[in-house]
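The structure comes first, the report after it.

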Amino acid sequence: MGVPNAAETTGALLRARLRTYERALVVLDLTIISGAVLAGYFGRFNWAVEPFGGGEPIGSQIPYPVVGPALVLVWLGSLKVMRCYDDRVLGYGADEYRRVTSATLRLAGAIAIVGYVANVGVARGFLALTFATGTVGLVGGRYLARKWLHKARAKGTGWSRRVLVVGDAPHVLELVHTLRREPYAGYRVVGACIPDALLAPVPQRLGDVPVVGSFRSILESARAAGVDTVAVTASGELTAARLRRLGWQMEGTGIDLVLAPALTDVAGPRIHTRPVAGLPLIHVEAPEFRGTRKIVKGFVDRFTAILGLTIALPLMVVIALAIKLDSKGPVIFRQIRVGQGGREFGVFKFRTMVVNADEMLAKLAARNEHDGLLFKMRKDPRVTRVGRILRKYSLDELPQLINVLVGHMSLVGPRPPLPSEVARYDGDIARRLLVKPGITGLWQVSGRSDLSWEDGLRLDLYYVENWSLATDVVIMWKTIGAVMASRGAY
């Protein structure tokens with residue numbers, strides 16, 4: 001029996017971490033479901049009897065002390081059947097939440113149907129309270145567990161997938177860069193396989209990724225590297241027949257095969273796979289820039305702006321007084337920005353800089369800490385004392401709710417650019433102007449000023465192409481966390 005190498009040891013450690021995380025999820029779900037059943041019981045019967053000593057509620061023929069634990073076990077089994085503990089969906093993406101919700105709602109529906117057909121008089125209030133509480137609790141529990149996992153992954157102590165990337169060198173580098181942009185997704189590249197013709201007699205690296213084999217030794221290289229995922233990207237030598245044989249070879253190995261198409265930055269709802277003659281054709285829907293959903297988005301924007309202005313009015317008055325007492329100049333700063341279709345408008349913000357800030361910009365240009373077309377300084381001398389606090393928590397942007405109300409902006413969208421920036425746009429960047437700019441957006445919840453120009457642009461274009469009302473809700477929720485943590489705010 002040989003001594004395990006470093007890769008095998010690391011792989012075993014990660015598998016152990018995965019099993020520990022899965023067990024923790026089971027315990028968490030069991031606790032939440034049990035709490036939901038108790039909440040439904042006491043909420044419906046209002047402590048009519050002692051919970052476990054007095055039998056069933058007065059006037060009922062249903063033994064709830066037996067029904068409750070049985071429901072807990074069946075509910076947990078439903079989560080298992082719906083593959084809510086599948087490591088392919090744990091820790092990233094919306095599919096984990098969808099499966100948990102679907103398992104709960106299907107079980108609720110099945111119980112309702114069986115109860116009606118069998119004429120079993122389980123209290124509807126008990127079931128309604130139990131499943132409503134359980135659904136919210138399970139989704140919330142998975143969210144908290146995911147946040148813990150993301151932090152553990154950032155520290156290098158959480159479960160992650162070890163990935164072997166296979167493809168031509170340029171495509172391998174692109175996929176590695178893409179996976180590393182979101183480390184909390186849990187895909188850690190540990191090696192690469194490239195075409196045989198590109199191999200050299202000495203050890204090679206693509207960036208900092210070691211080349212561990214060729215297309216002839218993919219499975220052997222995967223085992224040697226201790227990976228659990230092989231990600232195949234574009235290559236002329238990887239024909240359909242070759243990929244099919246690779247899939248056959250990996251059967252029973254416990255290693256997942258993932259295909260990374262050359263088409264990137266397209267959200268899942270826009271992609272539909274249609275099998276034609278045994279070939280999975282990927283159909284990509286065109287982005288939606290008008291229609292019913294846009295009308296609904298506009299209505300939600302204006303309604304939320306009115307509500308937000310009403311709630312924030314006392315705070316805005318306090319901010320206005322603080323600005324007035326701190327430095328000379330107007331309270332509101334109006335700046336020309338470019339909106340949808342290239343139309344210019346005046347964006348409103350609380351003034352956070354001295355009145356001659358634009359005149360000072362030329363002298364500070366050499367100290368720009370941001371790449372691309374933006375100017376950013378962590379310690380900008382033009383920013384006032386009150387302004388630093390307002391910027392830290394994005395309170396300077398509250399007056400932009402007025403821009404949303406009049407239709408110049410949306411709650412969620414790309415960052416509103418300056419005319420000087422738009423004048424230097426090329427073809428791709430100009431697509432940002434196809435939708436209304438937003439008070440917040442993917443750039444806001446992904447790092448703001450800490451992002452490079454290229455990454456900020458990529459996020460804006462991704463939103464333009466793939467926006468949805470559900471995405472807007474998620475971004476607005478994440479904005480709260482980003483603002484409280486003041487990430488990238490200066």
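Helix H6 (residues 218–225) lies across S1, S2, S4 and S5. H6 runs at about 150 degrees to S1. Angles run from 0 to 180 degrees between N-to-C directions, with axes fitted to C-alpha atoms, for helices over the stretch in contact. Contact means heavy atoms within 4.5 Å. Helices (H or I, at least four residues) and strands (E, at least two) are DSSP runs, numbered from the N terminus.

The model is predicted: local features need pLDDT of at least 70, side-chain atom pairs count only at pLDDT 80 or more, and totals for chains, interfaces and linings use all residues. Residues are numbered from 1 along each chain as its sequence is written, and side-chain values use heavy atoms, leaving out hydrogens and water.

**The sheet**

The open sheet has 6 strands in the order S3-S4-S2-S1-S5-S6, with mixed pairing. Two strands pair if DSSP finds at least two bridges between them. Strands S3 (205–206) and S6 (256–259) are the edges, and each pairs on one side only. Helix H5 (residues 169–181) also packs on this sheet. H5 touches S1, S2, S3, S4 (209–214) and S5 (229–232). The direction of H5 makes about 180 degrees with that of S2.

| Pair | Residues | Sense | Bridges |
|---|---|---|---|
| S1 and S2 | 161–166 and 187–194 | parallel | 6 bridges |
| S9 and S10 | 332–338 and 344–350 | antiparallel | 7 bridges |

Val165 stands opposite Ala192 in S2. Phe333 has Lys349 of S10 as its bridge partner. S9 and S10 form a hairpin with 5 residues between them. In the turn, Gly341 has a positive phi of about 70 degrees.

**The helix pair**

Helix H2 (residues 64–81) packs on helix H3 (residues 95–117) at an angle of about 130 degrees, with the axes 9 Å apart. H2 and H3 are therefore oblique to each other. Angles under 35 degrees count as roughly parallel, over 145 as roughly antiparallel, 65 to 115 as roughly perpendicular, and the rest as oblique.

H2 contributes Leu71, Val74, Trp75, Ser78 and Leu79 to the contact. H3 contributes Val100, Ala103, Thr104, Leu107 and Ile111. These contact residues divide into 8 nonpolar, 2 polar and no charged. Here Ala, Val, Leu, Ile, Met, Phe, Trp, Tyr, Cys and Pro count as nonpolar, Asp, Glu, Lys and Arg as charged, and the others, Gly among them, as polar.

Val74 belongs to H2. Val74 and Leu107 are 33 residues apart in sequence and 8.5 Å apart in space, C-alpha to C-alpha.
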